[in-house]
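Visitor: I would like to learn how to read some features of a protein model. Please take them one at a time, general idea before the case.

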Amino acid sequence: MEAVNLLSSNRYTEKQIGYLFISVLVNSNSELIRLINNAIKNDLASRNPTFMGLALHCIANVGSREMAEAFAGEIPKILVAGDTMDSVKQSAALCLLRLYRTSPDLVPMGDWTSRVVHLLNDQHLGVVTAATSLITTLAQKNPEEFKTSVSLAVSRLSRIVTSASTDLQDYTYYFVPAPWLSVKLLRLLQCYPPPDPAVRGRLTECLETILNKAQEPPKSKKVQHSNAKNAVLFEAISLIIHHDSEPNLLVRACNQLGQFLQHRETNLRYLALESMCTLASSEFSHEAVKTHIETVINALKTERDVSVRQRAVDLLYAMCDRSNAQQIVAEMLSYLETADYSIREEIVLKVAILAEKYAVDYTWYVDTILNLIRIAGDYVSEEVWYRVIQIVINRDDVQGYAAKTVFEALQAPACHENLVKVGGYILGEFGNLIAGDPRSSPLIQFNLLHSKFHLCSVPTRALLLSTYIKFVNLFPEVKATIQDVLRSDSQLKNADVELQQRAVEYLRLSTVASTDILATVLEEMPPFPERESSILAKLKKKKGPSTVTDLEETKRERSIDVNGGPEPVPASTSAASTPSPSADLLGLGAVPPAPTGPPPTSGGGLLVDVFSDSASAVAPLAPGSEDNFARFVCKNNGVLFENQLLQIGLKSEFRQNLGRMFIFYGNKTSTQFLNFTPTLICADDLQTNLNLQTKPVDPTVDGGAQVQQVVNIECISDFTEAPVLNIQFRYGGTFQNVSVKLPITLNKFFQPTEMASQDFFQRWKQLSNPQQEVQNIFKAKHPMDTEITKAKIIGFGSALLEEVDPNPANFVGAGIIHTKTTQIGCLLRLEPNLQAQMYRLTLRTSKDTVSQRLCELLSEQF
């Protein structure tokens, strides 16, 4: 309170102490905030520049949402007013920037935006610097509104760059005129594409001048001089790269950076490598970047700092093309032997990608990957060796060479497990291509692989067992030897179920099947369909969130593709069972109509199929079905029902009067469900109001599998009942019958409507007929949490209208229910009473049955 009193003092020192105290120590939720805001308002209105400065600093330091609400409308006026002092303008621009960063929605764009742009012409460079920071941030979000800043920024930059260091006396830093402002202007220009030809000519001159100045001998030996000069230079190069349209400038920038590659300053070397990575991707400067290859390779070998070495690897990867691929891959492989552990995996991925991308001769590719596994086997992910196998299978010309090279590589006494995997797979497919040589006869191949068997992990052993059964087909002479191995106790009684199953099945296959059947079952793998390299997908994932390919998805695909990979993925997680929720909701006609339930007979009972179980009448609703149903009123996805055998999951989406629901039936057991028949049943009056169309599902659901059913929904008129989903199937000889309510409710066809306060109350009054309003007063079933209540009202489908109700504790919503025949406007008001733990819910709509139904549904949620 003492500090708040100091704010009203007219003495600078007292006011300063008051503001300082408040800036640092007052919480934005403090009850004194109103008094503080009053004092700030008075100081902003005082036109005393010192007091205005103190007030603006305080607003920026606190920077809370409350401050933004109170002053975001005032500060732009101060900023663009003609009589505001320069120092106050500076503070006002930075204060507005701070408020925009914390609460962008509260800073109103308006007439002042065009006038702020003209601050770039201000006489005072401090004002220009502050305004440039503000404009850059605003332009990133609203580029159109600030387009005019480009020409002003170019002309201001031109004046700074061409001025002598004596011209801008107060803003020259170690002989560099206004370096901070120059950097900010260059950064602002990076928000936009290259400007019009007239402005572009002037900008090109500026950039050329900056590049020329970088070549001049330094005017001072101090580090501050080179820091300021280089800051402007690097930002200019960033702009040249961003525009990517001036070949001459791009090549000059590249040569300038090339000089920094051997600079004694580590930071400069790092920045030069980083900028050159970007230049390497431009068609205009790619060749110029390649001329520095020797310097970059040298940096890789001699650089002490690991982060600079990593940038050198990135640059080599970026500058690689057909002409230099073999040299770059060789250098990366030799560096890999001594590389830091933290970047080995990334280098492995890059080498694998380059080898695949630029392989003219695939024998070189095979040698490179085997080398990779030899040097850094632990860092070779599954994606890399899967990819080798795909490429070898898809190219006939390299198969014999791959088999020979792998066979030789396996001779080494200590082989990495990834090499054993590649060797096992390739010899199993193409070992016959080298079996004619007595040095690699079938028995020698088998013994070589089997000598590695006991040192490998379970997945690799599983793969080797697959190789052995392929050998039985390829080389009948080793059949007896392999059968002995499969028959041994260590295989048939293996503790690992996967190995035991493979041993048992392969042994039976080798003894029971005729040679023709064996040859058919174990024939050579067909070529893989071409698709994006999984290694590339993995590198994208490693490099950042911009990746398109989901790595887990890729792994799954590969584990199914590669013979002897990990265990098959249960269907419940495979890609096939996940529908695309973006499927067209309007494609209702695309699905042939199926009966939405058994037709009623004249006696009112349900028709019974005489060939199915006698118990096939619809079961009563499962216990807990009503509770689960209520949970889905405000949400669209989740598990609807679960018992020991079956799980039913839902995923739905609605637009206007149409909807689509995906129902997932998961078999939680290891036994098949037979005669699996889900049926949708609508009561007579519901059938006329709700149109459901669906396709039958497969009558057999394997153990651990999941099947999906799509239901297309059309709301014809408002309805109160919900459809029933009845599922019948046989499990282990027993007949099962389950019924649950399907959560298709009237509120799913809500479209939220935003309204201003006066529109809402005007509409509220129009709906004042007694039958249009339904009110319910009820006790809270759950804790009365404001955020949860808001989420439920939004989940229910209506818009949540802020600051409409005079009482801020109340919740107000509005929306339109869409049916095929009509549109029904709905307004709702929920009044919580915390003391009594009660709610009063009022609904007004243009149709009494709709008010009644929505009130029932929403009352259950709180």
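Visitor: Is Gln837 buried, partly exposed or exposed?

Guide: The model is predicted. The label follows from relative accessible area: buried is under 20%, exposed is over 50%, and partly exposed is in between. Gln837 has 33% relative accessibility, so the label is partly exposed. Gln837 sits in the loop between β15 (823-833) and β16 (838-845).

Visitor: What is the phi of Gln837?

Guide: Most residues other than glycine have a negative phi. Gln837 is not a glycine, yet its phi is positive, about 55°. Glu803 is another non-glycine residue with a positive phi, near 55°. Glu803 lies in the loop between β13 (799-801) and β14 (811-818), and is exposed at a relative accessible area of 76%.

Visitor: Which residues form a negative surface patch with Glu803?

Guide: The patch consists of Glu66, Glu69, Glu802 and Glu803. Glu66 belongs to helix α5 (residues 65-71) and is partly exposed, with a relative accessible area of 30%.

Visitor: Which residues make a nonpolar surface patch?

Guide: Leu20, Phe21, Val24 and Leu25 make one of about 430 Å². Val24 is in helix α2 (residues 12-25) and is exposed, its relative accessible area being 62%.

Visitor: How should I read salt bridges, and how many does the structure hold?

Guide: Side chains of opposite charge can pair when their charged atoms come close. The structure holds 30 salt bridges. One of them pairs Asp105 with Arg65, with 2.5 Å between the closest N and O atoms. Asp105 lies in the loop between α7 and α8 (112-117) and Arg65 in helix α5, so this pair ties together parts that are 40 residues apart in sequence. Asp105 is exposed at a relative accessible area of 54%, whereas Arg65 is partly exposed at 38% relative accessibility.

Visitor: Where do Asp484 and Arg487 lie?

Guide: Both are in helix α27 (residues 479-487), three residues apart, which is about one turn of the helix. Asp484 is partly exposed at 49% relative accessibility, and Arg487 is partly exposed with a relative accessible area of 39%.

Visitor: With which residue does Glu831 form a salt bridge?

Guide: The partner is Arg840, and the closest N and O atoms are 3.0 Å apart. Glu831 counts as buried at 15% relative accessibility, while Arg840 counts as partly exposed at 35%. Elsewhere, salt bridges with shared partners join Arg311, Asp314, Glu346 and Lys350 into one network.

Visitor: Which backbone oxygen lies 2.8 Å from a polar atom of the side chain of Thr84?

Guide: The backbone oxygen of Ile78 does. Thr84 is in the loop between α6 (75-80) and α7 (86-102), and counts as buried at 7% relative accessibility.

Visitor: What separates the C-alpha atoms of Val62 and Ile22?

Guide: Sequence separation and spatial distance are read side by side here. Val62 and Ile22 are 40 residues apart along the chain, and their C-alpha atoms are separated by 8.3 Å. Val62 lies in helix α4 (residues 49-62) and is buried, with a relative accessible area of 16%.

Terms used. Residues numbered from 1 in each chain as written. Predicted model: local features only at pLDDT ≥ 70, side-chain atom pairs only at ≥ 80, totals over all residues. Heavy atoms only, no water. Patch = residues over 30% accessible without salt bridge, like charges linked within 9 Å, V, L, I, M, F, W, Y side chains within 5 Å. Areas by Shrake-Rupley, 256 points an atom, 1.4 Å probe, with all protein chains shown as cover. Salt bridge = Lys/Arg side-chain N within 4 Å of Asp/Glu carboxyl O. Lys, Arg positive; Asp, Glu negative; His and termini not counted. Charge placed at Lys NZ, Arg CZ, Asp CG, Glu CD. Helix = DSSP H or I, 4+ residues; strand = E, 2+ residues; numbered from the N terminus. Buried < 20%, exposed > 50% of the residue type's maximum accessible area, 1.4 Å probe, protein only. Polar contact = N/O pair within 3.5 Å; in protein donor to acceptor, adjacent residues only side chain to side chain.
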